[in-house]
Amino acid sequence: MTLILEAVIFGILTGGVYALMASGLTLIFGVMGIINVGHGALVILGAYLSFALLRSANVDPFVSLVVTMPAMFALGVVLQIVFIRPLKEDREALSVLVTYALALGIEGLLGYLFTNNFVQLTAWYETASFAVFGFHIAYVYVFGFGLCLAILTGIFFVLYRTTFGSAVRATMLNRTAAQLVGVNVDRVSAIAFGIGVSTAAAGGVIFGMTNAFNSGSHYDLISRLLTIIVLGGLGSLRGAIIGAVGMLIIEDVTAVVISPVWASFAFFLLLVIVLVVRPQGLYGIRVRERI
Amino acid sequence: MRKPVSLAVTGIVSMGALTLAACGSSSPGTSGSPQAAAPITIGVSVSLTGDFSGDGKALVQGYDLWAQDENAKGGLLGHHVTMKYVDDASSTTQVVTNYQNLITQDKVALVFGPFSSLLTIPASTVTNRFGYAFPEPAGGGPSVFNRGIHSLFFVQPAPVENNLVSFTQWVLSLPASQRPATAAYSTEDDPFTQPQIDKARTLLEAGGVRTASYKVYPAETTDFTPLAQQVIAANADVVILGTQEPDAVAFIKAFQQQHYNPKALVETAGPDQGADFATKVGAANTEGVMVPAGWWSSAKTPNNATFVSEFIAKYGGTPGGISGDAAEAYSVGEVVDQAAKNAHSIANAALITALHSGTFQTVQGSMAFDSLGRPNGASFLVQWQNGLTVPVYPPSAAVAQPEFPKPAFSG
């Protein structure tokens, strides 16, 4: 029983990290209608930026976010303007190719700068832990979960309590209608992309403290993030959070109760069931198109 | 029509298709029928990206150092050697494409092997089809040899399956009062790791060591917490893990977090990565960790001291920081050099015959191959002691006594 409780608690804590990473991906989809398959590479880029600050100036990984999140926000805005905005026709399909090329470019650059050896972010709270319910929880999971909660709360605040957030939500609901009522959707898109990329920086720090990573680590990551936002509903922040936490709990509990081999299968089984019952995902909006 | 889901599926499928298409590169190679003293190109598919990229880079270091030495001695039977590397992204499909391209388009004279049994298996099918000798440094699982391929040669002292035999022999050699009563096993479902764990389990159970836990996990696992939980919950005397480096590190960190200290801990790979491993787990936490190895930096094997000094001169670092992968790759070149001299030829058919018939001296020691390319030697048990890996078993090769029980992690 302790094993299951432990699995649930770790599922929630690590699920929070995936929720943060997936929130940026789903926000970008919601606003621009594109699948950013480069999001995993941006997470790894964020982890490497913190790694560079740790190695060169001994900056604590969490403290490094003061530098890396604004930097990644600026990078996201630039990427959106340079690579995404020029796509006028067949944007949804082309954006997959463009963002995949972006991922390969980031991977190549990181491999060149940092080699392809696995690295990991370190700090005193990485292995230090405290006892609860008969087992130990490492501080890094608790701090990481707290950071995720804080950032996700901030995103919700911006979306639901600010004028800019109203413009974002209007764009997410209907890009054309938002333009008609005066929303500058290009500006909204650039900023939303920037926010999405900056959350990747935060997610990258926690991912980099709990996993060894190298420039090629984004492949596994993006496949997990895509399944999370499909489960939660594309474009839904709430869905991304529920999807991420649900995925990690199901996988962790299955791993300890049945077998690690069946952990992913159990999650995908749930995913299929959800998509059969609710094709738009848990919190997605069903979109009808003229054929 | 449900646009969001179909778009996501399009994204996933497109990404997969692009992954398959990516990473190949080619350039004009040399003739497949090298003339006397004509320069030759040796083609290798290496994992410069993906899960095996750390090991792939180490292979490149070993191959490059061998080529440098070989050319300094006048080349392979007088042929100046150029190495050509193509990234396989740790992909079983890309590695096939790479060897096909190296052989049919680049027309390389020889091919050397990639990293891991996982990639060696599909790669060797291709190279065998074209009649190429396939000396390889890192594919030694049973599934590599059970296909009856005659042109493949695993250039390590022992088949991978036997890597933990020395560990089990050491455990069973302990006095009854000290001998561990229980063991917990956890392994990747990888042809390199799982056969080692399964054989160790069979031998230990036969010797009276009860299995407290046995779990297999997918190689793509990134969250090791639940796996570590199960090992810890088993509360076994000995923990035996079928790992590559990332999971080897992750398990140790999880054990630290849970204040768990088994009496002995052996991992199939990871602790053999020298300074890289020590940096990741913390130098103090390496103490007592065991790993099977066919090579270590202070081994008294032919040419090893030269290899170590040249490696440090070329790449920097310390002897303890040299990856075993680099030594294994270097050995591939050594074996081919001796086979070519024995055969008086670098033609692949002649090399295959020569590799089956000779005994070869390498930095890993002496080795010969059976009809399926399996080496005939044995691996050693190596343990981290005072910041260095030292052989501790069998006694004939040991330079130190095994530390048992293992000191506690520093926490």
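Modeller: Begin with domains: their bounds come from an automatic or database domain assignment. The model itself is predicted.

Biologist: How is chain B divided into domains?

Modeller: Domain 1 of chain B takes in 31-160 + 302-368, and domain 2 takes in 162-293 + 380-393. Between the C-alpha centres of domain 1 of chain B and domain 2 of chain B there are 29 Å. Their contact takes 18 residues from domain 1 of chain B and 17 residues from domain 2 of chain B.

Biologist: Now the two chains. How many residues of chain B are in contact with chain A?

Modeller: On chain B, 49 residues are in contact with 52 residues of chain A. Several elements of chain B each supply at least two residues of this side, among them helix H1 (3-21), helix H2 (53-72) and strand E7 (210-217). The largest share, eleven residues, comes from H1(B). The residues of the side of chain B that touches chain A divide into 20 nonpolar, 18 polar and eleven charged.

Biologist: How do I read a pair of packed helices?

Modeller: Two packed helices are described by the angle between their axes and the distance between the axes. In chain A, the axes of helix H9 (residues 218-232) and helix H10 (residues 237-257) come within 7 Å and cross at roughly 120°. H9(A) and H10(A) are therefore oblique to each other. Their crossing is right-handed.

Biologist: Which residues of H9(A) and H10(A) meet?

Modeller: From H9(A) come Ile228(A), Ile229(A), Leu231(A) and Gly232(A); they meet Gly239(A), Ala240(A), Ile242(A), Gly243(A), Ala244(A) and Met247(A) in H10(A). By class, the contact of H9(A) with H10(A) has seven nonpolar, three polar and no charged residues.

Biologist: At what angle do the axes of H6(A) and H8(A) cross?

Modeller: The axes of helix H6 (residues 163-173) and helix H8 (residues 185-210) of chain A cross at roughly 100° and come within 10 Å. H6(A) and H8(A) are therefore roughly perpendicular to each other. Here Ala167(A), Val168(A) and Thr171(A) in H6(A) meet Val185(A), Val188(A) and Ala192(A) in H8(A). That contact has five nonpolar, one polar and no charged residues.

Biologist: Is Phe134(B) buried or exposed?

Modeller: Phe134(B) is buried, with 29 other C-beta atoms within 10 Å. Phe134(B) lies in strand E4 (residues 134-136) of chain B. Leaving aside neighbours within four places in sequence, the contacts of Phe134(B) include Val111(B), Ser124(B) and Phe153(B).

Biologist: Which residues of H13(B) are buried?

Modeller: In helix H13 (residues 348-357) of chain B, the buried residues are Leu351(B), Ile352(B), Ala354(B) and Leu355(B). They pack against E4, strand E5 (152-154) and helix H12 (324-343) of chain B.

Biologist: Last, the backbone. Where in chain B is a peptide bond cis?

Modeller: One cis peptide bond joins Tyr393(B) and Pro394(B), with omega about 0°. Pro394(B) is found in the segment after strand E14 (388-393) of chain B. The bond from Phe404(B) to Pro405(B) is also cis, with omega near 0°.

Biologist: What is the phi of Asn235(B)?

Modeller: Asn235(B) is not a glycine, yet has a positive phi of about 50°. Asn235(B) lies in the loop between H8 and strand E8 (238-242) of chain B, and is exposed, with 12 other C-beta atoms within 10 Å. For Asn303(B), phi is near 70°, also positive in a residue other than glycine. Asn303(B) is partly exposed, with 15 other C-beta atoms within 10 Å.

Note on methods: Residues are numbered from 1 along each chain as its sequence is written. Chains are lettered from A and ligands numbered from 1 in the order in which they are written. This is a predicted model: local features need pLDDT of at least 70, side-chain atom pairs count only at pLDDT 80 or more; totals for chains, interfaces and linings use all residues. Helices (H or I, at least four residues) and strands (E, at least two) are DSSP runs, numbered from the N terminus. A residue is buried if 20 or more other C-beta atoms lie within 10 Å of its own, exposed if 12 or fewer, and partly exposed in between; C-beta atoms are placed from the backbone. Two residues are in contact if their C-beta atoms, placed from the backbone, lie within 7 Å. Ala, Val, Leu, Ile, Met, Phe, Trp, Tyr, Cys and Pro count as nonpolar, Asp, Glu, Lys and Arg as charged, and the others, Gly among them, as polar. Axes are lines fitted to C-alpha atoms, for helices over the stretch in contact, and angles run from 0 to 180 degrees between N-to-C directions. Angles under 35 degrees count as roughly parallel, over 145 as roughly antiparallel, 65 to 115 as roughly perpendicular and the rest as oblique. A crossing is left-handed if the near helix is turned anticlockwise from the far one by less than a right angle, and right-handed if clockwise.
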